[in-house]
Amino acid sequence: MADLQIPEDFCHNDVKPKGKTSHADGENFHWIWGEGRTDGAAFSNEDVKAAYEARGEKQVPLGIHGTTVAVDWDSCVAAGSCMSVCPVQTFQWYRTEKDIPADKVMGETFEGTGLTEQDERLDYTDKSQPIREHDCTVCMACQEICPEGAIRIESANQEWHEKAAGTYVIMKSGSENPHAHD
């Protein structure tokens, strides 16, 4: 397993997401965290750099996409290993649904109809998008197989996802909790 590129606390405390990408179901979405960085593996990978050049697109920092299933798009080199092992198709190649530059996905809504097989990317500018983050079973297979350590799975980050969304509720113990048992 490669060293994880995403810090354990990337979404904790007073950190605010810089945007989000929505699922067309109207209920689910994933946050985009941080400004990104140019020292991720995608910036030194020759296949990725050549693909951006062939498209005439500038490679820019993209940040971390997702919270409980977090993908560092600056480290993602479009290997697709995560897709080959995911039992619930959490990921899709975002460009196979919307062929737009990666820095334009913020605020976009995706149907979740992008391709989900390892070698189905359009090219090496494509990124593994955790479009079905809400379906993750926390099996950890994607995190373990990612050759760049670009994925961090942490179900406890659901709290930070909800806090950022304003939906976090503390369930108190005792008689204050209507769901508590005697």
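## Charges over rings

In this predicted model, the charged end of Lys98 sits over the ring of Phe110, 5.1 Å from the ring centre, where sitting over a ring means that NZ of Lys or CZ of Arg is within 6 Å of the ring centre and within 35 degrees of the ring normal. The charged end of Lys20 likewise sits over the ring of Phe29, at 4.3 Å from its centre.

Residues are numbered from 1 along each chain as its sequence is written. Because the model is predicted, local features need pLDDT of at least 70 and side-chain atom pairs count only at pLDDT 80 or more, while totals for chains, interfaces and linings use all residues, and side-chain values use heavy atoms, with hydrogens and water left out.

## Aromatic pairs

The whole structure holds 3 aromatic pairs, counted when the ring centres of Phe, Tyr or Trp (its six-membered ring) lie within 6.5 Å, and called stacked under 30 degrees between planes, edge-to-face over 60 and tilted for the rest. One of them joins Phe10 and Trp33, whose centres are 6.1 Å apart with planes at 90 degrees, so the pair is edge-to-face.

Trp73 and Tyr94 form a stacked pair, 5.3 Å centre to centre with 25 degrees between the planes. Trp73 is buried at 1% relative accessible area, and Tyr94 is buried at 0% (buried means under 20%, exposed over 50%, partly exposed in between, with a 1.4 Å probe and protein chains only).

## Cysteines

The search of the whole structure finds 0 disulfides, a disulfide being a pair of cysteine sulfur atoms within 2.5 Å. The sulfur of Cys86 has its closest cysteine sulfur in Cys139, and because they are 6.2 Å apart, they are too far for a bond. Cys86 is buried at 17% relative accessibility, whereas Cys139 is partly exposed at 41%.
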